[in-house]
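Hi,

Here is the structure I promised to pass on.

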Amino acid sequence: MKRTRRPSLLPLALVVALAAAFQAPTAFADQTNSANKASAKAAAKPISEEQLIAKAKGIHQRVLTLDTHNDIDVNNFAFSRNYTQELENQVTLPKMIKGGLDASFFIVYTNQATDAEAFTSVGYKRAYDTAINSFEAIHRMTTVLAPNLIEFARTADDVVKIHAKGKKVALIGVENAYPLGDEKTAIKRVKEFYDRGARYMSLAHQGHSQLSDSNTGEAIGWKWNGLSPLGKQVISEMNRVGIMVDISHPSKESMMQSLQITKAPIIASHSAVRALADASRNLDDEQLLALKANNGVAQIVAFNTYLKTDSAERRAAFAALRTEFKLGETVSLVGIRRGAPVGISEELREQVLKRLAEIDAKYPAPSRATVKDFVDHIDYAVKKIGIDHVGISSDFDGGGGIEGWNDASETFHVTLELVRRGYSEEHIGKLWSGNLLRVMADVEKVAKQLQAKK
Ligand SMILES: [Zn+2]
C-alpha cells in the first residue's frame with residue numbers, strides 16, 4: 001500500500017502548530033524531531049478496515065502462497081473431468097486463481113491396509129499400484145490437461161521460477177510410504193518415487209506401516225516403538241536422494257528417531273499445535289522445539305478437528321462407539337461421515353452414522369474452527385519456535401477446511417488475518433512459502449553432498 005501524505009490534508013493552523021512544536025532548540029534537534037514525527041504519525045493514522053484490506057491484498061499478491069497438503073481423487077484427472085473445471089472439491093485451478101493460491105503439494109496418498117494380506121507381496125502390490133495411479137494423475141494435469149496453467153516443480157528454485165512466469169505450481173508429497181513395500185523393494189523405490197516427483201514423504205498414516213509407528217498408537221499401542229529397522233534405512237535413503245521427511249502422521253517417537261538419523265531438516269506437512277488442541281496428530285511443545293533445533297518447519301493445518309478438539313464426554317462416546325462396533329485403528333470416523341472408502345460394509349456404515357447422530361445430539365461438536373482459531377495456532381508456534389520454522393497447509397479434499405478458508409478460493413482470508421495480527425510482509429512471505437522452500441533447498445543441498453561422497 002502507498003503511504004498517504006497526511007500533512008497536506010491537515011488544516012493550515014495545525015500544520016503551523018506542529019511545525020512550531022518540532023522546533024527543538026537542542027543539539028539533539030534532529031533526533032527529537034524524527035521521534036516526534038514518528039509518534040505523531042502513528043497517533044494520527046490508525047489504519048481503517050479498508051486500508052487494512054488493501055494492504056493485505058497487496059501482500060497476498062506479492063508473496064508466493066504455497067499450501068503443503070492437498071489431497072486428490074484420481075477421478076478428477078481425466079479429460080472429461082479435471083482441475084480446469086469448477087468441480088465441487090476444495091482445490092481446482094479456477095479456485096486457486098480466484099483465491100491467489102500459487103503453489104500446492106498434491107498428495108499421493110495410500111490408505112494403510114490392515115487385512116491379512118496387508119504386509120505381503122499382494123498387499124504391497126495393491127498399495128504400489130494405488131500410488132502410481134496418483135503420481136500419473138498429477139503429472140497428467142501438468143503435462144496434458146492444463147500445461148498452460150500449471151507446471152510441475154522439482155526443486156525449490158523451480159517453484160520460484162514457475163511462479164514468476166505467472167503459472168500455478170504443482171509439487172508432490174507422499175502420504176504413507178507403505179507402497180514402498182518390503183526389504184526387496186523399499187530402498188530402490190525411494191529413488192523411483194523421487195524420480196516420479198515426490199519431494200516429501202511420511203513413513204506412516206493412520207495405523208502402523210512396515211516402516212514406522214503411527215500417532216494412532218497412542219490409543220491402540222505400538223508396533224515398532226518408533227521406526228522399524230527398514231524405516232531407518234528409508235530415512236537415510238530419503239536424505240540421499242533428496243526427499244523431505246514428513247512427520248505429520250508418524251508417532252512422536254518415530255519423529256524423534258527420524259531426527260537422530262536425518263542429515264537434513266524435516267517437516268510436518270500438515271499438523272497443528274497440541275497445547276491448543278489435544279489430538280495425537282498434533283505437535284506438542286517438545287516436538288515443535290525439536291523441529292526448530294533441526295532447522296525444520298511445522299506447516300500448521302487448517303483442519304477443524306485438529307484446531308478445536310471435542311469435549312471429554314464427546315471423545316469418550318466416540319471411543320465407546322469404536323469398541324462397540326469393533327472399528328479398526330485405520331477406520332476414521334471423519335471418513336465414515338464423508339462417505340470416503342474406509343474399509344467397512346455399507347450396512348455397518350449406516351449403523352455407525354446413526355450412532356454418530358445420537359452422539360452429536362447429546363454431546364454437540366464444538367463450533368467450527370475459524371481463520372482466527374487457525375492463526376491462533378500459527379501465533380502459538382511462532383512464539384514458541386520463531387518465524388523461521390512455521391508454515392501453512394489446509395488438507396483440502398482430505399478433511400481440511402475451516403470457516404473462512406473452506407477452499408482454495410478463500411485463501412486471501414488467511415493473509416488478511418495475518419496482517420490484522422501485525423505480521424509484516426517479510427514474515428508473511430516466510431509463513432506462506434519462504435520457510436518451506438528454504439528446507440526444500442537445504443534437503444537438495446544435503447542430497448548433493450551425500451551423493452558426491454559415494
Ligand atoms: Zn493427513
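Does D397 count as buried, partly exposed or exposed, going by its C-beta neighbours inside 10 Å? D397 has 23 of them, so it counts as buried (the cut-offs, with C-beta atoms placed from the backbone, are 20 or more other C-beta atoms within 10 Å for buried, 12 or fewer for exposed, and partly exposed in between). D397 sits in the loop between β9 (390-393) and α17 (412-420), and its phi is near 60°, a positive value in a residue other than glycine.

Two housekeeping points before the rest. Residues are numbered from 1 along each chain as its sequence is written. This is a predicted model, where local features need pLDDT of at least 70 and side-chain atom pairs count only at pLDDT 80 or more, while totals for chains, interfaces and linings use all residues.

Now the overall picture. The protein has 18 helices and 9 strands (DSSP runs numbered from the N terminus, H or I of at least four residues for helices and E of at least two for strands). Its radius of gyration is 25 Å, close to the 22 Å that the globule rule gives for 454 residues, so it is as compact as a globular protein of that length (the radius is taken over C-alpha atoms, and the rule is 2.2 Å times the number of residues to the power 0.38). Along the principal axes, the C-alpha atoms fill a box of roughly 85 × 60 × 45 Å. Of the 454 residues, 45% count as buried.

There are two domains: domain 1 (63-307 + 368-453) and domain 2 (310-365), with bounds from an automatic or database domain assignment. Their C-alpha centres lie 26 Å apart. The contact between them takes 9 residues from domain 1 and 6 residues from domain 2 (two residues are in contact if their C-beta atoms, placed from the backbone, lie within 7 Å).

On to the inside. The largest nonpolar core has 107 residues, and V390 is one of those with the most contacts inside it (such a core is a set of buried Ala, Val, Leu, Ile, Met, Phe, Trp, Tyr and Cys residues joined through C-beta atoms within 7 Å). Leaving aside neighbours within four places in sequence, V390 is in contact with residues including V297, A298, I378, A381 and L431.

Helix α7 (residues 186-195) is worth a look too. Its buried residues are A186, R189, V190, F193 and Y194. They cover an arc of only 150° around the axis, which puts them on the same side of α7 (the arc is that of the directions from the helix axis to the C-beta atoms). What covers them includes β4 (168-175), β5 (198-202) and α9. The face turned away from that buried side carries the exposed residues K188 and D195. Just after α7, G197 takes a positive phi of about 110°.

For α10 (residues 252-261), the buried residues are K252, S254, M255, Q257 and S258, and they pack against α9 (229-241), β6 (244-246) and α11 (285-293).

With 15 C-beta neighbours inside 10 Å, N295 counts as partly exposed.

Cheers
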